[in-house]
Structures are given as structure tokens and as C-alpha cells.
Amino acid sequence: MEHGGEISPVPATPGDAAHTRIGVDDWVAEAEERQRGRGPLVRTVAAIPRPIQIVVFIAVLSLLPFVFSEGNLFRYGLFTLIYALLALGLNVSVGFAGLLDLGFIAFYGFGAYAYAILASPKYGIHWQAEIAIPVVMVGAAFLGLLLGLPSRRLLGDYLAIVTLFFGQAFVVFVNAANPKGLTGGANGIANVDPLNFFGFKLTTTRHYYWFTLIAFLLVIGALYFISESRTGRAWRSLREDPLAAEVMGMPVNRLKIMAFMFGAAIAGLTGTIFAANQTGVFPGDFDISILITIYAVMILGGLGSLIGMFIGAAVINVSYELLSGSNPNPSLGRWLFYLALITVVIARIRPWIRVAVVLAGTVAFGFAVHAIVHALEPSATSGAVTNGGSLSGVMSHWTVIPAHSGASAKYAYVGLVAAVLVLTLIKGWWRAIALIPVLYLASFVWENLLSEQPAVTRLIVFGAMLIALMAARPQGLLGTSRVEIA
Amino acid sequence: MSLLRLAGVNTYYGEIHILQNLTLDVGEGELVSLLGGNASGKSTTLKTILGLVRPRTGAVEFAGEDVTQRATSYRIARGIAIVPENRRLFAPMTVLENLEMGAYLNRDGKGRKEDFERVYTLFPFLHERRHQLAGTLSGGEQQMVAMGRALMSHPKLLLMDEPSMGLAPILVERSFEIIQQVHQAGVAMLVVEQNANMALSIADRGYVLATGRLVLEGPAKQLLEDEGLRKAYLGR
């Protein structure tokens, strides 16, 4: 790009198109250039030919069951795929067509309940999966049509409110039915059959993982072709400017309903897998918290991007599981926390000398504080590291962990939030130096407060992750940045 | 026979009476200007023609057919197209994709190819920039994309909503040259404008709206010389 001094001439050839011209804002003219100017890692990956990328991606995913134990495969593999499938479905209405659908989880729940009704002892019906899955998907799409019909004329906030109501109504409905009713009320439906294809029963986590992987690949392939089709482009124009789309003669209402139906069918499929794998369905599995998780996956991955949904699902699910209270190896959460801190320091601070000063300074600062506190009051450093593990030895000599932290950890937590806010106000070397005690404070809060309450912590870490991402990359990891019309 | 005809149209927004007994027509191949200041009902007239709002009484006829109760997409398919106010391109899509969206209702591949050729002949610039994102073009270039996009549906009647809005004076002139060029290719046009002088200089006939009523109509040359119009809209 040329900058400064001379006014660049009006380009004669299309190749010069990206150069600034009279009457074109620099920012707008460089939009495409900016998208190319990504980090070295992304550029290296992007340089590999697409077919090889796809083959490696599929190979790695399909070989995971040979690396992971059944438990880990279930926790990290299967649920990443389930979240990715749900995000792909949600992405059709929100990412492609721009319809803010907050009732999406109802379709997932519908799929799960429908399969449970069609294949469990509750009604004595035991359908084969090759019949049940298409029926459930068509049923979910039909439910999408029912939701789409009354809301097709609603825009933005109003659509969000109506669909949110729909999602809640579903939970209330399945919950309110008495135990002998259609959905079994709060007791749900138990003993759901495993998926059974032509007599072959999916029984192990490996089976479900591979089946979900196949479903995921089929869905992502289908969505790729749809997004490149006339309908896909029509959805995008609908998202960008509904009025302009309408005056181009596009059947706006039909396109919206189609988006709902597509997303619903994918959610229904995912629900079927979930119900069969869990061998039971309960109202609590389809409440607002899973909706928030799927939105987080979609926002993280980048609206409208397909493979972004997988990456978003992997990041969210793996970090969610690592921080989970039921994780058999809770010290992994500690690794995640410190790695995230160090990654942020390395990614956001420049020049490199400052990174080195901050990291070395924090380490030295910690040992110094620990030594001083220990000399003054031995009991203040005698506490045990919660959820030990490989890092605990170092941490017990670095972070101040009182035998009874009492209220001090809570005050420190409030102080940490305040300190982070103050950090955003100062610049340059001062910020780098101020960062050292703040990082140490973060470690203190983690060891004394957060690692003892993983359930709360993971929500906080999620929130922080999304806020940081939105500040750094508003379009999500793989979303394309929007070009505003001049 | 007129191509487009509004007969005694009364359009309301809620209880507010916007278009009051509006009657106007555009003949085959004719270039008609619809003038008026802010809030005179110009945009509502276009919305009524497109079917984005329905008149409470009166009729909209296009190509000899009563389309008053027809959907927007039906009217587009019959041969109405619009270049909306502020162009409203699909910014993150390429020029080519924008043009494709203009031909949305044309499913026939061969016909579509001809439409592309016709538009590219008219605007060679669009062919040059077909892979560029529409949002990265300048205002005048975007105007060309918007015109091209509207022409992709092979319209009999092209509606232009404030083509001079947001353009530098030199580009306004260029934009009106393009309008004349398209008109000479045989497309009837209804140009809605605040810039009365410019709009009348290229038009065959003109209508002047004020608070939803027609106050003047006649051949463009005559309107240009009309004392009342000059005072009210040309400011001299």
C-alpha cells in the first residue's frame, strides 16, 4: 500500500483495485488487504491446499478414539462434535440469514424427546435408527416451520423475544407433563434405546463418536454447498439488507422459514444422538444454559463460518470440561488458567522486551512476596494447594496460600477486577510494570478462591474469554470482518 | 397505453393519510420525474408501486394488469426494478454476487448469461471489478453496481429513488448520464428526485408532489419554466 505524500493515480487495471483512490476511504479500500494480513500461523495453514487440509482434519478426528480413553473421548471428543453440530444448525438462521433465534435449543430438545418416544420402553415403541432419524429430522423441520410462520414478519429484537418464549415454553411443556404423560415430566424418559442401524447397535462411546463425526461431516458438507448456492447467497443478502433483498424479488418470508427449518433439522439430528447416547432425556438438558453455550461457540467461531463452528466448539467444550468440578483431573484447570494468562501477555504485549520483563518480573515478584510473607507470618503461607497436580509444588512456593484464607481472597478478587480496569487506563511501560503485581494477584485469587469453586469459575472464565475476543476480533475467530458501505 | 398507472391511490400509515388520491402514469419507454421536497410522499409512492405498502383505496396497474393486491416478488417478476435510496448494495458480497442477486427471479441459466452480458456492455467497469467487494467501491461506482443489479432482472420499468443523494456534483451529472443511457436502451423510468432541475432536464414528463398530493404535472420542458415550481423547488 502507498501511504502519505503522493496521491496515487486512478488505477487502470483491475489488479490495482485494492489501492486507495480518490473518493474511497482508506479503511474501506484496504478491507480485503487487511483480511490477508493475518498472523504467521494462519498464513501457514492457509497456504496448504484445501484438499490436504480437509484430509488431515478428517484423519485426525477419526483417529482420536485410538488416542483417548472412553471417558476422555466422551468428554472432549463427542461433546465437541455435539456442540459443533448444534452451532452449525444455529449458524444457518443466525449466521447465514441473520435471524436472531433464541429458541433454538427447543429443536434440539424436540429431537431428543422425539427419539426417546419412538425408541424406548415408555410406549413400547422401538424404531430402528435409520427410520427414526429421518422422521425426527423432518418433524423438527416441521416444528421450525410452525415457529417460522407466525414470526416471519418479525425483525431483530421482536424475533428474539418470540423465539426465546418458544424455547422456554418447550422446557415448561416437557416439565409440566405428569410422570405418566407424554414426556414424563421432571422424571424425563429413561432407558432410551441405543441407535440401531439395520440391527447394528451403537453401544460404545467410540461408536457414537464415529457416528457423530460422520453426521458432522455430512452436515458441514451440505451446508458448504448450500452457502455457495443461490439460496445461500440469498440468505446472506437477507442478512445484510432485508429491504434490498425484498425489492430484488426474493421471497423473504420463504427464505426465513427455510433457514429455520434447516437449523431445526440439524438440531433434531443432534438431539437424537444425544438422547441415544445418554439413554435418557430430562427437561434440564435443554434449558437456557446450553443455549448460551451454543451462542458462545458460534460467536467464538465466527458468525457465518463453517469450520469456525468446530473450532469454537473445541475451545469452549475443552475449556469447559477442564474447569468442570467433575473432571477427574482438576489440576488441568490450573494449567488452562496459567496458560491463558501467559498467552494473553504474549499475544497482546509488544515489543518482545516488555513481554520478557513482565514474565520474568512476575516470577521474581512472586518468590519475593512469598519469602517476605513467610518471614513475617509463617501461617500465611502454610495453606495447601487445592486440586494438586503437577503445578502444585511450584505454586506452594510462589503464591501466598494462607491456611485459612477467610475473607481476604474475596477482597482480593474485587481488588483484581478493579486493578484490571485500572490497567486499561495506563499505557506503555507503566502498564507493563503494573501488570506484574496484577498477574500475581490473579494467581492469588485463583489459588485461594476460584480453584475451589470450579462451577462459578468457569462461567467467569467464559465471560472473560468472550469479552477479550470481542475486543480483539469482533467477527470471531474465523468470521470475515464486515465491510461497511461507504 | 401506459405501462404503469396509479389510479386514485390513497395510502395510509396507521391513521396518517400519506398519499391523497394520487393518479399518475408512466408510458412505455418514457422517462418520468417525480419531484417533491421532504415528506412529500415520494418514497411512499415508490413503496406503493412495489407493494411494500398497500393502498387503502385505488389501484396500481402494471402492463395492463391490476397488481394492487400482488406481492412484491410478483411485481418484480412482471418487470419492475428499483435502484433504492442510498443504493443499498450487499456490501460484503462481490459485484458479481450483487448482480446475481438482482437476477434472483431469473432461474433460466441462458437468459441470465444474456443479462450479464447486457449489463457488462452497458457498464464495462462492473466486469472489470466483478470480484471486488461492493462495499469497497466509491459512491459513484456503487451507483453503477446498483443500476446494474436492477437491470439484471430485465425490467420494463426502472424506479430510481434519489439517484443524486450522497454523490459529489460531478458524479451526480455522471449518474444522470447513465440514467439517460439506460433510458435510451428502451427501459421506462420513474426518477424520484429532490434535485428538480437535473431531473427535469432529462425527463419527458414530470409530476410534483407536496404533502401527498399532486400539485403540478406536465411535460418536463414546461415544468422547468413554471414560475410556481421554480419558486417552490428550484429556489430561484
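What follows is a chat about a predicted model with chains A and B.

Visitor: Start with chain B. How many helices and strands does it have?
Guide: Chain B has 10 helices and 10 strands. Keep in mind that this is a predicted model.

Visitor: How compact is chain B?
Guide: It is as compact as a globular protein of its length, because its radius of gyration is 17 Å, close to the 18 Å that the globule rule gives for 236 residues.

Visitor: And the overall dimensions of its C-alpha trace?
Guide: Along the principal axes, the trace of chain B spans about 45 × 40 × 35 Å.

Visitor: What share of chain B is buried?
Guide: Buried residues are 58% of the 236 in chain B.

Visitor: What about charge in chain B?
Guide: There are 26 positive and 26 negative side chains in chain B. The centres of the two sets lie 4 Å apart.

Visitor: Switch to chain A. What is its secondary structure?
Guide: Chain A comes to 20 helices and six strands.

Visitor: What percentage of chain A is buried?
Guide: In chain A, 45% of the 486 residues are buried. Chain A exposes about 23300 Å², and carbon and sulfur atoms supply 71% of this.

Visitor: Buried or exposed?
Guide: Asp241(A) is buried, because its relative accessible area is 9% and the cut-off is under 20%.

Visitor: Which residues does it touch, sequence neighbours aside?
Guide: Beyond four places in sequence, Asp241(A) touches Arg88(B) and Phe90(B). With Arg88(B) there is also a polar contact, side chain to side chain, at 2.7 Å.

Visitor: Which ones are buried?
Guide: The buried residues of helix 3 are Val95(B), Glu97(B), Asn98(B), Leu99(B), Glu100(B), Met101(B) and Gly102(B).

Visitor: And what do they pack against?
Guide: Their partners are helix 10 of chain A and, within chain B, helix 4 (109-122), helix 5 (124-128) and helix 6 (139-151).

Visitor: Back inside chain B. Where is Thr45(B)?
Guide: Thr45(B) is in helix 1, residues 42-50. Thr45(B) counts as buried, at 0% relative accessibility.

Visitor: What surrounds it?
Guide: Neighbours within four places aside, Thr45(B) is in contact with Leu6(B), Leu19(B), Leu22(B), Leu24(B), Leu34(B) and Leu209(B).

Visitor: What about Ile202(B)?
Guide: Ile202(B) belongs to helix 8 (residues 196-202) of chain B. Ile202(B) is buried, with a relative accessible area of 11%. Its contacts beyond four places in sequence are Leu31(B), Phe176(B), Ile179(B) and Gln180(B).

Visitor: How far is Ile202(B) from Thr11(B)?
Guide: Their C-alpha atoms are separated by 29 Å. Along the chain, Ile202(B) and Thr11(B) are 191 residues apart.

Visitor: Over to chain A again. Where is Glu447(A)?
Guide: Glu447(A) is in helix 19 (residues 428-448) of chain A. Glu447(A) is buried, at a relative accessible area of 2%.

Visitor: Which residues does it touch?
Guide: Not counting residues up to four places away, Glu447(A) touches Arg334(A), Tyr338(A), Val385(A), Thr386(A), Met395(A), Thr399(A), Ile401(A) and Glu452(A).

Visitor: Thr399(A) is on that list. Where does it sit?
Guide: Thr399(A) is in the loop between helix 17 (392-398) and helix 18 (408-423) of chain A. Thr399(A) is buried, with a relative accessible area of 0%.

Visitor: And what does Thr399(A) touch?
Guide: Beyond four places in sequence, Thr399(A) touches Tyr338(A), His370(A), Tyr440(A), Ser443(A), Phe444(A) and Glu447(A). Thr399(A) and His370(A) are 29 residues apart in sequence and 6.4 Å apart in space, C-alpha to C-alpha.

Notes:
Residues numbered from 1 in each chain as written. Chains lettered and ligands numbered in written order. Predicted model: local features only at pLDDT ≥ 70, side-chain atom pairs only at ≥ 80, totals over all residues. Heavy atoms only, no water. Helix = DSSP H or I, 4+ residues; strand = E, 2+ residues; numbered from the N terminus. Rg over C-alpha atoms; globule rule 2.2 N^0.38 Å. Buried < 20%, exposed > 50% of the residue type's maximum accessible area, 1.4 Å probe, protein only. Lys, Arg positive; Asp, Glu negative; His and termini not counted. Charge placed at Lys NZ, Arg CZ, Asp CG, Glu CD. Polar contact = N/O pair within 3.5 Å; in protein donor to acceptor, adjacent residues only side chain to side chain. Contact = heavy atoms within 4.5 Å. Areas by Shrake-Rupley, 256 points an atom, 1.4 Å probe, with all protein chains shown as cover.
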